[in-house]
Amino acid sequence: MSGPTRTPPVGFPLEDEAVPAIDHADLLLVRLPFVQPFSISSATWTCKEALLLRLEGSGVTAWGECVADPDPFYAPETTTSARHLITEFLLPLVEPGVTLGEIDRRFGRVRGNRMAKATVENALVDLVAKARGVPLHALLGGTLRKVPSGISIGLQETPADLVREVAAAVGKRYHRVKVKVKKGKDVDFVAAVRDRFPDLPLMADANGDYTLEDAPHLARLDAYGLTMIEQPLSYADIHQHAILARELKTPLCLDESIHDLADFEAALALGACRVLNLKQGRVGGLLESLRILRHAAERGVPVWSGGMDETGIGRAVNIHLQTVDGFTLPGDTSETARYFHEDLVDPPVVLDEEGTVDVPPGAGFGAVVVPERLERLTLRVERLR
Ligand code: OSB
Ligand code: MG
């Protein structure tokens, strides 16, 4: 049996779904070259390297994508740590016939490692949905069939380069633009974008590059009408964000610091954030995301869906989740072509004339993994069961 858990059952229908029969479980490591390198304050990536969990059973094939990177430069978890957790601790807890709520309670005994947990949970939810022949959003109780778009633009060499990238995004009709900032690449860059696009919904993400001593400098960003500043301070901090929040007019949003509902409650209680970047792959998956969404909705706290440059598998999951009540702002939901020349799945995510994204039709996460591309982009396959 599992150990104690902090999260009691909360009555989402998803919790009562039973795990279908599983014939095979495989872990794949895939690598997709990026169209252009993506830089944040703490890392530069030239490709997306991701761990995928494939479950075959009940006549269907289901997938879960792990959002951990090969390196620990955004979050402590890595593809290698996730592989260890999945093979040694998480998958052994998965038994057919057991409900997803019970799996979630069992996973509660394993501390942290929420990216690894989300990988298994995502695959199980996809398996349940496909075995029943229903789309993911139906299991989640989502009502929207289109979700807003948003783009996260990586660090650029010069303000002029950034303005050019933002102009391209505006031309594509992205609903809001996020720009990455770091020390030495902040005020001038944001000012240049704001000067060219006075009314654009615009925000900045620092991925933890600043300290409290930078408060007066960060306060200069108040002049540019940003909707929020995301994770200005350490990936591990909540308390100092609460102090910084009192020094700034611009609302703070947390990303890295929030691993679960309890972290979110702590951040709200302290006044450390007024907005949440919810990445389902960072908080342990869809059930925890539903809990967080409900908590935020009850308190009127704005939430948007972040992204982790996912392949079409994780990207589709994020889109399905955004059909659920509680998301109040456009997220980092961008079209496939801005990341990859070629994705693992078809169809790609595209923006329509209104800059809106359709929820993929079909069972489970909806898009279909193309075998020939999967084979070409796979570095390693490992059969676990
Ligand atoms: O901080 O939100 C972040 C990508 C990788 C790691 C961290 C972050 C990001 C992004 C891009 O901002 C989100 C996306 O386009 O999927
Ligand atoms: Mg972020």
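Predicted model: local features only at pLDDT ≥ 70, side-chain atom pairs only at ≥ 80, totals over all residues.
Colleague: Which residues coordinate the magnesium ion (ligand 2), and what makes an atom a donor?

Modeller: The magnesium ion (ligand 2) is coordinated by D205 (OD), E230 (OE) and D255 (OD), at 2.1 to 2.3 Å. Donors are N, O and S atoms within 2.8 Å of the metal (3.2 Å for Na, K and Ca), and sites may look incomplete because water is not among the atoms. Residues are numbered from 1 along each chain as its sequence is written, and chains are lettered from A and ligands numbered from 1 in the order in which they are written.

Colleague: How are the donor residues of the magnesium ion (ligand 2) spaced in sequence, and what makes D205 and D255 a pair that ties parts together?

Modeller: The spacing is D-x24-E-x24-D. D205 lies in strand β7 (residues 202-205) and D255 in the loop between β9 (252-254) and α9 (261-270), so the pair ties together parts that are 50 residues apart in sequence. Helices (H or I, at least four residues) and strands (E, at least two) are DSSP runs, numbered from the N terminus. Both D205 and D255 are buried.

Colleague: Why is N207 called buried?

Modeller: Buried means under 20% relative accessible area, exposed over 50%, and partly exposed in between (1.4 Å probe, protein chains only). N207 has a relative accessible area of 8%, so it is buried. N207 is found in the loop between β7 and α7 (215-219), and its phi is near 45 degrees, a positive value in a residue other than glycine.

Colleague: What makes D309 count as buried, and where is D309 found?

Modeller: Its relative accessibility is 13%, so D309 counts as buried. D309 is found in the loop between β11 (303-305) and α11 (312-321). Although D309 is not a glycine, it has a positive phi of about 55 degrees.

Colleague: Which term describes how α5 and α6 lie to each other, and how do you know?

Modeller: The axes of helix α5 (residues 159-171) and helix α6 (residues 187-196) come within 9 Å and cross at roughly 45 degrees. Axes are lines fitted to C-alpha atoms, for helices over the stretch in contact, and angles run from 0 to 180 degrees between N-to-C directions. Angles under 35 degrees count as roughly parallel, over 145 as roughly antiparallel, 65 to 115 as roughly perpendicular and the rest as oblique. α5 and α6 are therefore oblique to each other.

Colleague: Which residues of α5 meet which residues of α6?

Modeller: P159, L162, V163, V166 and A167 in α5 meet D188, F189, A192, V193 and R196 in α6, where contact means heavy atoms within 4.5 Å. By class, this contact has eight nonpolar, no polar and two charged residues. Ala, Val, Leu, Ile, Met, Phe, Trp, Tyr, Cys and Pro count as nonpolar, Asp, Glu, Lys and Arg as charged, and the others, Gly among them, as polar.

Colleague: Which term applies to α2 and α3, and why?

Modeller: The axes of helix α2 (residues 100-107) and helix α3 (residues 114-132) come within 11 Å and cross at roughly 170 degrees. The two helices are therefore roughly antiparallel to each other. L100, I103 and F107 in α2 meet K117, V120, L124, V125 and V128 in α3. By class, the contact has seven nonpolar, no polar and one charged residues.

Methods:
Heavy atoms only, no water.
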